[in-house]
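Work through the exercises below with the structure open beside you. Try each task before reading its solution.

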Amino acid sequence: IRRLRRLPAPLAIRRKITIAAVAVLLVALAGCGDEGVAEGATVSVYASAPRCPGAKQKLARSGGRAGDVRVRVACLEDSEANGRIDLAAIGANARRALEDSTTVAYIAEPDPAAARFSRPILESADIAQLTDLSGATAMARVLQALRSADDSSSPREAVQSELD
C-alpha cells in the first residue's frame, strides 16, 4: 500500500489527522452564529467618563437587563486633560471597546471632535456609537434596541441596525 500511495507511513498519518481536524473545524463553524444570544448572556456598553454615571443609573433602574440579556456598563478613562481632548486616550478607549467581543454600543464623549475621532475605530467592528445624548438617554436607547432585537440576530447587529 505504501508503494501505491508513495507516501511514507508518518506522512500518511499526518494527512489523515489534518483531514480529520479540518472536518471537525468545519462542523464547529457550521453551528456558529445562527443561534442568536444565549439566555442569560451578558453584553457590554462602553460609556465615556462624563456620561458613565447617567448610563449606570439608567441601567440600575432597568434591573441590569434587557429581556433575557444582562447588560453591564464599562466606564472609560477621561479623555480630557487640562480642558483639551486627548486623542490618544480617545483612541485607547475606542480600542478597548473594540477588543471586547461582548460590546454592543459605545456612549461617546460629549465633545463632537472626540466622537468624530473614535467613530472610524468603532465602525470597523460595527459597534453603534451614540453621540449628542446624555448617558441615561443613550442607555435607554440601547436597552430598547436590545429588547426589540430578533432572537436570531447578534446583539451587536441588532443595536447597530436599530440605532442607525
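The exercises that follow concern a predicted model.

**Exercise 1.** Find the order of the strands in the open sheet of 5 strands, and name its edge strands.

Solution. Step 1: reading across the open sheet, the order is S2-S3-S1-S6-S7, and the pairing is mixed. Step 2: strand S2 (65–66) and strand S7 (128–130) each pair on one side only, and these are the edge strands.

**Exercise 2.** Do S2 and S3 run parallel or antiparallel, and how many residues lie between them in the hairpin?

Solution. Step 1: S2 and S3 run antiparallel and are joined by 2 bridges. Step 2: Arg65 has Arg70 as its bridge partner in S3. Step 3: the hairpin has 2 residues between its strands, and Gly67 in the turn has a positive phi of about 70°.

**Exercise 3.** Describe how H4 and H5 pack.

Solution. Step 1: two packed helices are described by the angle between their axes and the distance between the axes. Step 2: for helix H4 (residues 87–99) and H5 the angle is about 35°, and the axes are 9 Å apart. Step 3: the crossing of H4 and H5 is right-handed. Step 4: the contact includes Leu87, Ile90 and Leu98 of H4, and Phe117, Ile121 and Leu122 of H5. Step 5: sorted by type, the residues of this contact are 9 nonpolar, 2 polar and 1 charged.

**Exercise 4.** Which elements each supply at least two residues of the lining of the second largest pocket?

Solution. Step 1: the second largest pocket holds about 180 Å³ of space. Step 2: its lining has 13 residues, and the closest to the centre are Arg119, Ala128, Gln129, Leu163 and Asp164. Step 3: the elements that each supply at least two lining residues are H5, S7 and H7. Step 4: the lining residues of this pocket divide into 6 nonpolar, 3 polar and 4 charged.

Notes: Residues numbered from 1 in each chain as written. Predicted model: local features only at pLDDT ≥ 70, side-chain atom pairs only at ≥ 80, totals over all residues. Heavy atoms only, no water. Pairing = 2+ DSSP bridges. Helix = DSSP H or I, 4+ residues; strand = E, 2+ residues; numbered from the N terminus. 1 Å grid on protein atoms, 1.4 Å probe; cavity = no way out; pocket = protein on both sides within 12 Å on 5 of 7 lines; lining within 4 Å. Points joined across faces, edges and corners; volume = space filled by probe spheres on them. Nonpolar A, V, L, I, M, F, W, Y, C, P; charged D, E, K, R; others polar. Axes fitted to C-alpha atoms, helices over the stretch in contact; angles between N-to-C directions. Left-handed = near helix turned anticlockwise from the far one by under 90°. Contact = heavy atoms within 4.5 Å.
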